[in-house]
Amino acid sequence: MLPQRESYKGESIKDANMDVFEKVVNYKTVFEQIKESSPETEVFEIMPEYSVRRAKNSIRANDIDEVLDSIRILTKLPTENFIMAYCDNPDGLLHKYGTDSVEVKEYLLETEEKFKKFSKELADDSILIISADHGHKNIEKAYTLLDYPEIQECLVTPPSLESRTVGFWVKEEMKDVFVERFNKHFENEFWLMNREEFLSKNLLGFGEKHPKIDDFIGNYIALSTASSIIRLETFLAEGKKIKKSTHCGLTREEMEVPLIVIEK
């Protein structure tokens, strides 16, 4: 979240005069919440080196073997522990090779065996939860709005958010025109909603609405319902490399995730 890089050119903005996470987006992490409700519990995060720390006790691990080794060490502590660990594969492999690739299949089978062995090592009174933050969808079509000047004409700024959940800032006087033009080209592949419709679907979850949501998502949002993306690019900065597979759309493959619970 908030990697401190300019969205289109990828340039570092670490010297910005405000820490946006701390001053604007800041939220109470799961680590803080657990410590408040259960002070005797020690909390740890295990993340890749490039990740921003969110827990005071943070360990760097760059592959699944390092992740499991780190958990092994922590579970030997005499304390009650909450450990949240993240590995960026198979996500990285899926982006590079696609959902039906040999590389991804082999990785998943090997990782499954590692978890089988690891789960047997866990001490009694342990719970191991394995899940994912999203699924994946192979990409078959990639559009750029630079090819659609009639849509560009309606926008205040370039599109933002994600290539499968695209946020638009549309000129007030051109809202109806924008909807008509966008749907003319993309209605069969993207579900276009205005901000009010989008938020009414609770697609961002439930609870208290963050005061910056309206600013972040724009006044129209298009969600992919097919195997297509809209590249986030401008005439000044080419969009990111097209990935074999990605996420953030509304297809079943992206929205369903595994949930494996092993209790000892």
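Phe178 is buried, as its relative accessible area is 0% (buried means under 20% relative accessible area, exposed over 50% and partly exposed in between, with a 1.4 Å probe and protein chains only). Phe182 is likewise counted as buried, at 0% relative accessibility. The model is predicted, so local features need pLDDT of at least 70 and side-chain atom pairs count only at pLDDT 80 or more, while totals for chains, interfaces and linings use all residues. Residues are numbered from 1 along each chain as its sequence is written, and side-chain values use heavy atoms, with hydrogens and water left out.

Across the whole structure, the search gives 11 aromatic pairs (rings of Phe, Tyr and Trp, the last by its six-membered ring, pair if their centres lie within 6.5 Å; planes under 30 degrees apart are stacked, over 60 edge-to-face and the rest tilted). Phe178 and Phe182 make one of these, a tilted pair with 5.8 Å from centre to centre and 35° between the planes. An α-helix has 3.6 residues a turn, so residues three or four places apart point the same way. A single aromatic cluster includes Phe178 and Phe182 along with Phe190 and Tyr220.

Next comes the sheet. Its 4 strands form an open, antiparallel arrangement in the order S7-S8-S10-S9 (two strands pair if DSSP finds at least two bridges between them). Strand S7 (160-161) and strand S9 (190-194) are at the edges with a single partner strand each, so one side of each has no neighbour in the sheet. Between S9 and strand S10 (residues 220-224), the antiparallel pairing runs over 5 bridges, and Phe190 has Ser224 in S10 as its bridge partner.

Helix H5 (residues 102-121) has 20 residues, which at 1.5 Å a residue should span 28 Å, and this agrees with the 29 Å between its end C-alpha atoms (the expected span is 1.5 Å times one less than the number of residues). Its buried residues fall within an arc of 95° when seen down the axis, so they line one face of H5 (the arc is that of the directions from the helix axis to the C-beta atoms). Among the buried residues of H5 are Tyr107, Phe115 and Phe118. The face turned away from this buried side carries exposed Val102, Lys105, Lys117 and Lys120.

Definitions and conventions: Helix = DSSP H or I, 4+ residues; strand = E, 2+ residues; numbered from the N terminus.
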